[in-house]
There are 2 protein chains.
Amino acid sequence: MALAISAASGVSRDAAAVERLQQLLAGEMAQVNALILERLQSPVQLIPELASHLIASGGKRLRPLVTLAAAKLCGYQGPHHIRLAAAGEFIHTATLLHDDVIDESALRRGQATANIVWGNQASVLVGDFLFSRAFQLMVETGSQEVLRILSTASAIIAEGEVLQLQTAHNLTTDETAYMSVIASKTAALFAAAAEVGAVIANRPAAERDALRSYGADLGIAYQLVDDVLDYTGRRSTLGKNTGDDFREGKITLPIVLAHRKADEEERSFWQRALCDGDQSDSDFKRARRLLERHSALTDTIAEARRFAVSAEAALQIFPGNEYHEALSDLAGFAPDRLY
Amino acid sequence: MALAISAASGVSRDAAAVERLQQLLAGEMAQVNALILERLQSPVQLIPELASHLIASGGKRLRPLVTLAAAKLCGYQGPHHIRLAAAGEFIHTATLLHDDVIDESALRRGQATANIVWGNQASVLVGDFLFSRAFQLMVETGSQEVLRILSTASAIIAEGEVLQLQTAHNLTTDETAYMSVIASKTAALFAAAAEVGAVIANRPAAERDALRSYGADLGIAYQLVDDVLDYTGRRSTLGKNTGDDFREGKITLPIVLAHRKADEEERSFWQRALCDGDQSDSDFKRARRLLERHSALTDTIAEARRFAVSAEAALQIFPGNEYHEALSDLAGFAPDRLY
């Protein structure tokens, strides 16, 4: 694809691809953002406060962009892609809020006092609110098929998150189990977000399937890079700390690959740090060294690149136009992502 | 209503009314239970394990009963009331799971170890799964109106739960604020569960509105009694501990009423126990004495009775039949509830 994206501009090709989509869809994204703000409202003031803190905090709005671009690629002229884009962002934000919930086992019920009864509970409830709002928006499209696709995706996301809980701290997790987690927790929503663009445009099954495949492969590529960035990213560009996955004992693909090649001493290290929860300050650096020694990070990026290529290929049944190019670059440059 | 329910049988009139509904709808309830079991299934084993623990634990299935009876009252002959009854139970169970989440503030992130990363997170995610399954079931009914009603109810439930968080530990909460909490967190789902029975039966607006009013008033009566039982119930019949609301500093109607009539010393007591979170072992007994001294429990039951009468009255536009009688008794005897 011949795009006016240059690495010399100081912006990564991935960031440039996202910016290109944002520019192409600037008018629609303004409507999506307005709708998001409108539907965040509630007589219960804490809800818009808590939710807008997260939603307004400058995420890339990748899922809305995918829905809008997919609808435009399918020649859609109606208003419902705006609603579906907002719904996708609400579902995504709800899952982020629920991801942040911390476990109760460390808490003694009796010791809870007024000032601590807040964070977890409010996060869960505001997530529930956003989830409900997402369904209200979908209902407004009048499409049963859209509702079927997105309610199924929501169930699959929850399954993926539970599966991730179960694979955490468990070094017997293999590549198949890991891929199953990310296919559910991340790719399912990207797949649905892309597919519904074709559904509201009443396009034939081949185009729906193509966009669904595109979204699924993009989602997997995106998550693989995310898992690498948790070890290599810079806090200043990433907007969050590196090392979260390591501290939480998440078994991501880099770990699976490095553990497979580990000698006995290295296996003991991974066991202690990820399963026994016994980490010292220098352990994260050591983990990074081991991942590099066994090419686990570059191999994960290579895997991401295979899914990115597959995502681009899925779009080939569509005519070449600016939306096709932008979606293609979004996938193609995903493995170059720096944040 | 002349019902074959006798207090002499040793069963409370309320329990007898629930049993009557269960008998009337035994065939449908068997289908609902089978559908619930079927839709709990997931390749992720923890999900049916955790969810069935709660769902199979012998709740009364009040919301499913209301949906089924409402549909039958409206002469519905199709299969969708089974799906909606299961969906209502899933939404209810999801909110129970999310209610049980404990706050994170007492936790230090760094100290979390493998064995504690379970309870809260799994509860939240399985709740999300059930919520998604509920929407999948609703989609299968093919009714946009049903989806609109239940997605709106879900958003309102979340608002009510957040509002409840905000009124906890806050003795300036008045009757209006309290009624607003329970109208949202409890009555909204009962109202929707009843209304959808008329919607799938394609009944006119007057009947939809009547069932909606019935459900809303029943829900409020039910919650008012629930709040009394948290002070007066017996653990053996209630199936849960009394005093939970007191320990959690929830400002329910009995508290609002007793606090309004409290002298200075009593106000200090409520402030210390409910707001400052400083409770000793004898405080719950003292709270019960104060609630009795100011007739706060009987006044709350009297309020429940007003809503129960209103619920019965809402049904008057329907012809007299066994479903009418059973729904009427369910509301009318709700204030007699012992558990």
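## Helix packing and burial in a predicted model

T152(B) has 25% relative accessibility and therefore counts as partly exposed (between buried, under 20% relative accessible area, and exposed, over 50%, with a 1.4 Å probe and protein chains only). T152(B) lies in helix α7 (residues 144–167) of chain B. L189(B) is 37 residues from T152(B) in sequence, and their C-alpha atoms are 9.6 Å apart in space.

This is a predicted model, in which local features need pLDDT of at least 70 and side-chain atom pairs count only at pLDDT 80 or more. Residues are numbered from 1 along each chain as its sequence is written.

Chain A holds 16 helices and 0 strands (DSSP runs of H or I, at least four residues, and of E, at least two). Of its 339 residues, 60% are buried. The accessible surface of chain A is about 13,500 Å², and carbon and sulfur atoms contribute 49% of that (Shrake-Rupley method, 1.4 Å probe).

Two helices of chain A pack at an angle of about 150 degrees, with axes 8 Å apart (lines fitted to C-alpha atoms over the stretch in contact, with angles from 0 to 180 degrees between N-to-C directions). α1(A) and α16(A) are therefore roughly antiparallel (over 145 degrees). The table lists their residues in contact (heavy atoms within 4.5 Å).

| Helix | Span | Residues in the contact |
|---|---|---|
| α1(A) | residues 13–24 | D14(A), A17(A), V18(A), R20(A), L21(A), L24(A) |
| α16(A) | residues 322–332 | E322(A), Y323(A), E325(A), A326(A), D329(A), L330(A) |

The residues of this contact between α1(A) and α16(A) comprise 7 nonpolar, no polar and 5 charged (Asp, Glu, Lys and Arg count as charged; Ala, Val, Leu, Ile, Met, Phe, Trp, Tyr, Cys and Pro as nonpolar; the others, Gly among them, as polar).

Notes:
Chains are lettered from A and ligands numbered from 1 in the order in which they are written. Side-chain values use heavy atoms; hydrogens and water are left out. Angles under 35 degrees count as roughly parallel, over 145 as roughly antiparallel, 65 to 115 as roughly perpendicular and the rest as oblique.
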